[in-house]
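I am opening a notebook on a structure that is new to me. I want to set down, entry by entry, what I look up in it.

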Amino acid sequence: MKVLLAEHSGFCFGVRRALQMAREAKAAGGEVRTLGDLIHNPRIVRELASEGIVSVEDVTGASGTKVVLRSHGVSKEDLAALRSGGCEIIDATCPYVERAQQLVAAHAEIPVLILGDPDHPEVKGMLSYGNSHTRVLRPGEFPGDGPWKTLCVVSQTTQKLANLQALVQSVLPRCLELIVFNTICSATSLRQEAAVALAKASDLMLVIGGRNSSNTKMLQDLCSRETRSLHIEDAGELTLPDLADAANIGLAAGASTPEEAILEVYNQIFKLMGIPGAVSRFEEIPRYKEESC
Ligand code: F3S
């Protein structure tokens, strides 16, 4: 049995940065709050709470505290409410998300289509920088209107490139001028490509990450097109029947999945199979290279 980890699995740059900024804010003293869970991973949210970095549901729960804006960013309205509530803002909005927000704002005078999940906080934040011409389209949803003199298209940072390409293809024939910004972050594209390459070479993929993590769900969707794929949040969910007939097992993890969670899943596989192979450090998990399967 071979168990390999896809390259680029685990925390992305934006998540690492947000965690570091939150912990530095706490170390500097005072009450620290995050507007919503700092990252979409229950384990990390619990850890942060035990360190005194508590998630609040809305701006009123944060008034007068230091508030860390998570990597997804916040809406313009929430930002204004936090400021008027006397909060000290620690802005951990990922620079990739900030760029997408700024592009929406800069093109707000023309119709802007945002490809993404309208219920996701990142997309809600992006939408708030637009105006009445700005709207959100889910993947696979195409506008029935037009033609447009000028149209702008941007994407949620964790979308699949194929979804953005499909939207562009759908609207292009109805545009005189089409402005497309590829706002899919490179961490997302690299992670998705690596997971798909490993899935193609595996009998079973285990995709590790929070059930509320958009980029983890996207990985699960992509991997399940290539092979049998299970989305699990932690090692405790894995059972022996899950591993049946799997000689080549691939692991992939979302941008908000900590290394410890990946290490635990890796070791749990060997424990359930009753064979040696467990490792003590994340770095010891073998990585997938094209020639290794
Ligand atoms: Fe930023 Fe991309 Fe991570 S947008 S938060 S680096 S998944």
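I begin with a term: a residue is buried under 20% relative accessible area, exposed over 50%, and partly exposed in between, judged with a 1.4 Å probe on protein chains only. The model is predicted, so I note that local features need pLDDT of at least 70 and side-chain atom pairs count only at pLDDT 80 or more, while totals for chains, interfaces and linings use all residues. Residues are numbered from 1 along each chain as its sequence is written, and side-chain values use heavy atoms, with hydrogens and water left out.

**Entry on two loop residues.** I looked up His 8 and found it in the loop between β1 (2-5) and α1 (13-27), where helices (H or I, at least four residues) and strands (E, at least two) are DSSP runs numbered from the N terminus. His 8 counts as partly exposed because its relative accessibility is 42%, and its phi is near 65 degrees, a positive value in a residue other than glycine. Asp 245, which is not a glycine either, has a positive phi of about 60 degrees. I placed Asp 245 in the loop between β11 (228-232) and β12 (248-253), and I call it exposed because its relative accessible area is 79%.

**Entry on a cis bond.** I noted that the peptide bond from Gly 146 to Pro 147 is cis, with omega near 0 degrees. Pro 147 belongs to the loop between β7 (134-137) and β8 (148-155).

**Entry on a buried strand residue.** Buried or exposed, what is Thr 34? Thr 34 is buried, because its relative accessible area is 2%, and it lies in strand β2 (residues 32-35). Setting aside neighbours within four places in sequence, I found Thr 34 in contact (heavy atoms within 4.5 Å) with Ile 53, Val 54, Ser 55, Val 56 and Val 68.

**Entry on the ligand.** Which residues are around the ligand? I listed Cys 12, Gly 14, Ser 71, Cys 94, Tyr 96, Thr 157, Cys 185 and Thr 188, a residue being near when one of its heavy atoms lies within 4 Å. By class, this shell has four nonpolar, four polar and no charged residues, where Ala, Val, Leu, Ile, Met, Phe, Trp, Tyr, Cys and Pro count as nonpolar, Asp, Glu, Lys and Arg as charged, and the others, Gly among them, as polar.

**Entry on the whole chain.** I counted nine helices and twelve strands in the chain. Of its 293 residues, 52% count as buried. Among contacts between residues at least 6 apart in sequence, 68% join residues at least 24 apart. The C-alpha atoms fill a box of roughly 60 × 55 × 25 Å, taken along the principal axes.
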